[in-house]
Amino acid sequence: MHAKRCYNRGVVENGTALERRFCRRQEIFCKGVIQMAYVDEVLEQVRKKNAAEPEFLQAVDEVLNSLRPVIEANEEKYRSQALLERLCEPERQIKFRVPWIDDQGKVHVNIGYRVQFNSAIGPYKGGLRLHPSVNLGIIKFLGFEQIFKNSLTGLPIGGGKGGSDFDPKGKSDREVMNFCQSFMTELCKYIGADADVPAGDIGTGAREIGYMFGQYKRIRGVYEGVLTGKGLSYGGSLARTEATGYGLLYLTEEMLKCNGHELEGKTIAVSGAGNVAIYACEKAIQLGAKPVTVSDSTGWVYDPDGIDVNLLKEVKEVRRARLTEYARARANAQYHEGRGVWSVRCDIALPCATQNELLLDDAKMLAANGCIAVAEGANMPTTLEATRYLQANHVLFAPGKASNAGGVATSALEMSQNSERLSWSFERVDSRLQNIMVNIFHNADEAARKYGLEGDYVAGANIAGFEKVADAMLAQGIC
Ligand code: NDP
């Protein structure tokens with residue numbers, strides 16, 4: 001695209017006037033030198049190197065583009081240290097075979113992953129996703145996002161992510177245990193309480209964490225806080241189960257307050273019906289709002305009387321059943337096959353299921369229906385086009401790396417409790433969580449203002465998360 005280009009050390013290229021005008025949009029033009037902007041240069045390299053990983057490219061694209069003002073202000077320093085190149089390349093990627101035996105004696109082989117992305121500010125920290133859609137690109141996108149999210153919490157945790165294409169759905173407890181033990185038999189070589197501390201994510205709940213922790217202890221012979229999201233009887237933290245959903249509402253409430261709205265009395269559309277969605281609904285109700293939808297991978301429910309959280313927990317956490325069972329038990333609830341949550345009229349939308357579940361058309365429907373705020377409970381649930389549309393149409397938008405950071409923040413509090421060999425009360429953890437979420441919002445807000453991007457919390461969150469990691473990377477030299 002850029003035929004006449006100079007990369008780094010002031011090589012002069014004489015592009016035609018037309019070429020210069022064309023390039024000026026994206027390139028720095030100085031002293032007769034057309035130099036490609038550092039962000040564009042790195043984006044181009046990342047696209048070439050990772051062409052088969054669309055989710056990773058989407059995440060890098062979003063982050064680097066929103067960091068432009070910071071990068072431009074420090075271009076020489078960052079370029080000379082190849083800071084962005086290092087930031088976009090994981091420190092380590094581990095891919096391994098996970099053989100396990102089902103109840104019929106048949107042997108299966110899944111793939112396990114752990115991407116240790118960035119340890120500049122602390123040990124790698126990030127969940128383990130068990131879902132058939134998992135591949136290296138998905139784990140890399142999640143690990144990349146995790147760097148900034150973890151930094152935003154203000155706690156000393158680096159970014160990582162892992163998982164497998166194993167599907168726990170429909171498997172017996174024994175099959176899940178067989179898988180988890182085999183998975184941990186390999187993973188345990190690379191993790192540790194001061195090195196890399198995985199947690200839950202889609203498909204990895206308390207049951208899976210328990211089996212993995214047992215296997216780690218058995219092989220390594222140490223009782224340490226190597227995983228978070230553990231059961232309360234063996235080192236887990238009170239309020240960790242609730243943390244992501246509760247944190248999402250704490251941040252949403254603060255964002256609304258700072259923009260002249262209140263949460264109380266608002267109607268909320270929620271997607272997902274897992275850990276994040278359930279506790280988002282619970283906290284929304286406690287704060288006086290009314291969630292009216294939930295969804296899973298087969299369909300969604302509209303309950304005009306407001307979601308009954310106890311029933312939802314019974315259906316999803318205890319019976320591990322479909323949402324049809326929820327709808328059957330509620331007089332006015334309607335069950336629909338497929339997607340459709342965002343067609344419901346609401347004041348606030350909380351996407352809490354998975355990546356790329358809120359598309360441009362959904363964003364248009366939400367805005368047309370008078371939605372005032374979207375806050376992401378899931379990781380990257382909103383596509384780039386949908387995000388841009390919402391922001392352009394004055395819908396407040398909180399990106400997941402800020403609004404769902406309550407989970408990892410509370411995981412870090414679980415690590416602190418494990419180190420102290422103490423357990424804090426629910427109230428103490430919850431109040432720390434609330435402070436952290438409020439601070440995250442203000443840090444993102446201030447970072448956006450500092451660079452003249454008031455109200456752009458996507459840019460604000462990326463900038464605030466990035467600055468700390470960048471400083472630490474520069475201080476630690478080329479590594
Ligand atoms: P769960 O596995 O508990 O729940 C996920 C929910 O989303 C389920 O209802 C699931 O439906 C639905 N879902 C999953 N994949 C799809 C899909 N492809 N299409 C439609 N629905 C889907 O996961 P969590 O609630 O823990 O995580 C949800 C999101 O939040 C993820 O993006 C995760 O990375 C993110 N997150 C989670 C944190 C946590 O602490 N749990 C922390 C920070 C972020 P079904 O049951 O039918 O599969």
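Reader: Leaving aside its neighbours within four places in sequence, which residues is His442 in contact with?

Author: They are Glu254 and Cys258. Contact here means heavy atoms within 4.5 Å. Before we go on: this is a predicted model, where local features need pLDDT of at least 70, side-chain atom pairs count only at pLDDT 80 or more, and totals for chains, interfaces and linings use all residues. Residues are numbered from 1 along each chain as its sequence is written, and side-chain values use heavy atoms, with hydrogens and water left out.

Reader: What makes the link between the side chains of His442 and Glu254 a polar contact?

Author: The distance is 2.7 Å. The term asks for a pair of N or O atoms within 3.5 Å; within protein, one must be able to donate a hydrogen and the other to accept it, and residues adjacent in sequence count only if both atoms are side-chain atoms. So 2.7 Å falls within the limit of 3.5 Å.

Reader: Why does His442 count as partly exposed?

Author: Its relative accessibility is 23%. Buried means under 20% relative accessible area, exposed over 50%, and partly exposed in between (1.4 Å probe, protein chains only). His442 therefore counts as partly exposed. You'll find His442 in helix H18, residues 426-450; helices (H or I, at least four residues) and strands (E, at least two) are DSSP runs, numbered from the N terminus.

Reader: And why does Thr383 count as buried?

Author: Thr383 has 9% relative accessibility, so it counts as buried. Thr383 is placed in the loop between strand S14 (373-375) and helix H15 (384-392). Beyond its neighbours within four places in sequence, Thr383 is in contact with Gln58, Asn356, Leu358, Leu359 and Leu360.

Reader: Now the rings. Why is the pair of Phe166 and Phe179 called stacked?

Author: Their centres are 3.9 Å apart and their planes are at 5 degrees, so the pair is stacked. Rings of Phe, Tyr and Trp (its six-membered ring) pair if their centres lie within 6.5 Å; planes under 30 degrees apart count as stacked, over 60 as edge-to-face and the rest as tilted. Phe166 and Phe179 are both buried. Ring pairs also link them with Phe96, Trp100 and Phe183 into a cluster, and the structure holds 14 aromatic pairs.

Reader: Why can you say that the pair of Phe166 and Phe179 ties together parts of the chain?

Author: Phe166 lies in the loop between strand S6 (158-164) and helix H8 (173-187), while Phe179 is in helix H8, so the pair joins parts that are 13 residues apart in sequence.

Reader: What about helix H12: which of its residues are buried?

Author: In H12 (residues 309-318), these are Val309, Leu311, Leu312, Lys313, Val315 and Lys316. They pack against H11, strand S10 (293-295) and helix H13 (323-328). At the start of H12, a side-chain oxygen of Asp308 comes to within 3.2 Å of the backbone nitrogen of Asn310. Just after H12, Arg320 has a positive phi of about 50 degrees.

Reader: Last one: how far is an oxygen atom of the ligand from an N or O atom in the side chain of Thr244?

Author: That distance is 2.6 Å. For the side chain of Arg129, the distance from an N or O atom to a ligand oxygen is 2.8 Å, and a backbone N or O atom of Val276 lies 2.9 Å from a ligand oxygen.
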